[in-house]
Amino acid sequence: MLNLTDVHKTFIGPHGSTVSVLRGISMVVDAGSSTAILGRSGSGKSTLLAILGLLDQPDSGRYEIDGRDTIGLRDGALARIRSEQLGFVYQRFFLLSHLSAYENVETALHHGGPVPRRRRRQLVMEALSQVGLADRVTHRPVQLSGGEQQRVAIARALVRNPSIVLADEPTGALDEQTADSVMSLLMETTRSRGAAVVVVTHDAQVAARTDRVLHLVEGAWAG
Ligand SMILES: Nc1ncnc2c1ncn2[C@@H]1O[C@H](COP(=O)(O)OP(=O)(O)OP(=O)(O)O)[C@@H](O)[C@H]1O
Ligand SMILES: [Mg+2]
């Protein structure tokens with residue numbers, strides 16, 4: 001479904017120095033699969049996830065989604081693929097503080113093709129129910145615990161039935177016990193919707209729950 005081939009990415013540092021962050025990364029993500037990406041801080045995990053999520057472009061290499069080349073697509077086309085096929089979950093939940101849980105999930109339906117109001121309501125309520133928050137729909141982020149906020153973010157990532165969910169340290173801001181339940185939820189909900197998941201993590205326990213684990217070392221796969 002996702003096919004990344006020999007991707008390189010270099011950033012220009014503050015003093016004009018160049019940092020080679022990804023050095024020849026190839027990977028295939030099959031429909032419905034789960035992948036954990038482990039690696040030390042600075043190894044290029046977030047950079048790789050941003051490229052997978054079409055938020056950044058590689059300097060060289062190929063990236064196909066469902067057999068379609070994404071390199072060189074215009075912003076509008078990229079945004080459309082992002083909103084229709086990809087879901088994102090981040091360490092810092094990135095919920096909008098002035099919106100309720102319901103409205104935060106609904107924001108994901110504002111992009112891409114229009115969804116009729118009744119259908120929107122049904123989709124949002126399904127997603128919130130799936131993460132166990134049907135009774136928290138009117139709560140704003142400050143009125144929710146960290147774990148609950150991340151569950152809202154998971155509902156937002158799922159509401160459009162993406163074919164893949166990309167999660168960058170989704171449990172990094174949570175205590176151990178909460179992290180555990182949020183991770184279980186992420187794995188269960190993506191599986192039940194048939195979505196693939198790629199999760200960046202420092203936590204080997206998280207990695208133990210995925211189909212495969214890939215180790216990134218200084219921008220290249222280990223081993
Ligand atoms: N926009 C940028 N400009 C310059 N350097 C960057 C930029 N983005 C990332 N880098 C550098 O690229 C390297 C990899 O960054 P990245 O965020 O991908 O690491 P990471 O593996 O996600 O680390 P962490 O576990 O700390 O989140 C780092 O050394 C970082 O300083
Ligand atoms: Mg990172």
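Below are my entries on a helix, a cavity, a pocket and a serine.

**Ground rules.** I worked from a predicted model, in which local features need pLDDT of at least 70, side-chain atom pairs count only at pLDDT 80 or more, and totals for chains, interfaces and linings use all residues. Residues are numbered from 1 along each chain as its sequence is written, chains are lettered from A and ligands numbered from 1 in the order written, and side-chain values use heavy atoms, with hydrogens and water left out.

**Helix α6.** I started with residues 176-192, which form α6 (helices are DSSP runs of H or I, at least four residues, and strands runs of E, at least two, numbered from the N terminus).

At the N-terminal end I found a cap: a side-chain oxygen of Asp175 lies 3.1 Å from the backbone nitrogen of Gln177. Just after α6, I noted that Gly194 has a positive phi of about 75 degrees.

Which residues of α6 are buried? I listed Ala179, Val182, Met183, Leu185, Leu186, Met187, Thr189 and Thr190 (buried means under 20% relative accessible area, exposed over 50%, partly exposed in between, with a 1.4 Å probe and protein chains only). These buried residues pack against several elements, including β3 (34-39), α4 (117-130) and β8 (196-201).

**Cavity.** I found one cavity of 30 Å³ or more (on a 1 Å grid over the protein atoms alone, a cavity is a set of points where a 1.4 Å probe fits but cannot get out, a pocket is an open set with protein on both sides within 12 Å along at least five of seven lines, and lining residues have an atom within 4 Å of a point). Among the residues that line the largest cavity I wrote down Ile51, Asp56, Tyr63 and Ile71.

The largest pocket holds about 460 Å³ of space (a volume is the space filled by probe spheres set on the points, which are joined across faces, edges and corners). Of its 16 lining residues, I found Leu86, Phe88, Ala108, His111 and Arg156 closest to the centre. β6 gives the largest share of the lining, four residues.

**Serine 60.** I placed Ser60 in strand β4 (residues 60-65). At 34% relative accessibility, Ser60 counts as partly exposed. Leaving out residues up to four places away in sequence, Ser60 touches Asp6, Val7 and His8 (contact means heavy atoms within 4.5 Å).

Conventions
The expected span of a helix is 1.5 Å times one less than its number of residues. A polar contact is a pair of N or O atoms within 3.5 Å; within protein, one must be able to donate a hydrogen and the other to accept it, and residues adjacent in sequence count only if both atoms are side-chain atoms.
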